[in-house]
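Here are my notes on this model, in numbered points. Have a look at the structure first, then read on.

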Amino acid sequence: MLTGTRVLDLSGETGFLAGKILADLGADVIKLEPPGGDRAGRRGPYLGDVPDPERSLLWLALNSGKRGVTLDLDADRGRPLFRKLARRADVLLDTAPPGDLAGRGLGYEALSADNPRLIQCSLTPYGQTGPYAHYRAHDLVAVAMGGNAALTGDPDRPPVRCTLPTAYYHAGPEAALGIAMALFARESSGRGQFVDVSLRECQLATLMTGPGQQAKSGVRRGRSGSRLGRTREIWKARDGDITFGLRGGQARVPNLVATVEYMAEAGMAPAWLREYDWSRYNHNTVSDAEIARLEAAFAAFFATRTRRELYEQALARRIMLAPCNDAREILDQPQLRDRELFTTVEYPALGASVEHPAFFAKSNVCRIGIRRRAPRIGEHNAEVLGEIGVTPADLAALSSEGVV
């Protein structure tokens, strides 16, 4: 889909996923690191629990499909080389603070003067302008400032963060989409443009209908823990948690009826529940006592079954129920295995192979997915810099000076 598109990926961890998506779409993504590698971006956990930047699972997972180059942009000989690379590029992806690249003569104004077709996408905590533009923030701050943390966790306890840096993983696809739109626009305009992505603003999508509901009602939502409004959403199964909504409405009522039938077959549906008139059920208007009675019956049943058993029956009976899986259980999902979602990538220099998600989407136009393993530090220096006239002798000199 993006074959023939050259991307310079100057991002830190914040933008790793954006570059990976572009690589999976077929772009030639060149990951630029400082000499010695991006130590922050090559943090643990490590493959085989061996502390080594080359074995960073974060790096291996989010930089597959890219080529790797080292270059010091603070060095007098490094900046001209970067500008030469930018002249041949279609896209520059960066996560530098606003004004940082411009301060080194590598801002969009200078680079687009050399290459008017260049598209630059900057992914920062608060965007390029506004009162917070020059504030620093990592994932937890962006998640909190974007409103998500206020809704995550139990109401009687402090907020909790999600497992992985979700601010980065929501903003990455937004950045990739913005780049794709800019590439499409360039087909008719012939010119590139600057794409400004804010981690904080991307968090609004994680609130689903929350912003609209607050604007309409003026009521500020808070943390609800395992509940969604008045009803329970997370339930205990015999071996973990499941998600199941005890809500009414046209889509939900048949699901509730099917669940009661399942419970009745197991001898765990009280007579009053088997006779319940679901056509009149509205979780917004029934009494708290009625919700408590319903929840007690459903909870007792779910606690006797494993997540896998409940999920298999949910699929067979068209019940809206799913297990809360961890990463290992996702790997074991038969549906994902049948769809060949995972692929094994070989890392010969590490003497290991690693399972990766093979693709993030499928297309009937072209293949989307991993095309090569993540690069080692400076692995493609000679290959990429050779394209702009750097000879092996030049490369050795640059290496001795710490430029590459």
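In which order do the six strands of the open sheet come, and is the pairing parallel or antiparallel?

1. The order is β3-β2-β1-β4-β5-β6, and the pairing is parallel. Strands here are DSSP runs of E with at least two residues, helices are runs of H or I with at least four, and both are numbered from the N terminus. Two strands pair if DSSP finds at least two bridges between them. At the edges sit β3 (67–70) and β6 (194–198), each pairing on one side only. From one strand to the next, the twist averages 20°.

2. Before going further, a word on the source: this is a predicted model, where local features need pLDDT of at least 70 and side-chain atom pairs count only at pLDDT 80 or more, while totals for chains, interfaces and linings use all residues. Residues are numbered from 1 along each chain as its sequence is written, and side-chain values use heavy atoms, with hydrogens and water left out.

3. Strand β5 (residues 119–124) runs parallel to β6, and five bridges join the two.

4. Helix α7 lies across β4, β5 and β6, running at about 160° to β5. Angles run from 0 to 180 degrees between N-to-C directions, and axes are lines fitted to C-alpha atoms, for helices over the stretch in contact.

5. Thr-5 is found in the segment before β1. Is Thr-5 buried or exposed? Thr-5 is buried, at a relative accessible area of 12%; buried means under 20%, exposed over 50% and partly exposed in between, with a 1.4 Å probe and protein chains only. Leaving aside neighbours within four places in sequence, Thr-5 is in contact (heavy atoms within 4.5 Å) with Ala-27, Asp-28, Asp-90, Val-91 and Leu-183.

6. Next, a helix pair. Helix α10 (residues 253–265) packs with α13 (residues 307–317) at an angle of about 125°, their axes 11 Å apart. That makes α10 oblique to α13: under 35 degrees counts as roughly parallel, over 145 as roughly antiparallel, 65 to 115 as roughly perpendicular, and the rest as oblique. On the α10 side the contact is made by Ala-258, Glu-261, Tyr-262 and Glu-265, and on the α13 side by Glu-309, Leu-310, Gln-313 and Arg-317.

7. Pro-155 is in the loop between α6 (139–145) and α7 (166–189). Pro-155 is exposed, with a relative accessible area of 56%. What does Pro-155 touch, not counting residues up to four places away in sequence? The answer is Arg-223, Ser-224 and Gly-225. Pro-155 and Ser-224 are 69 residues apart in sequence, yet 5.5 Å apart in space, C-alpha to C-alpha.

8. A few backbone spots to check. The peptide bond from Gly-44 to Pro-45 is cis, with omega near 5°, and Pro-45 lies in the loop between β2 and α2 (57–62). Asp-49 lies in that loop between β2 and α2 too; the phi of Asp-49 is near 60°, a positive value in a residue other than glycine. Arg-318, in the loop between α13 and β11 (321–323), has phi near 60° and counts as exposed at 73% relative accessibility.

9. Finally, the whole protein chain: 17 helices and 13 strands, with buried residues making up 46% of the 404 residues.
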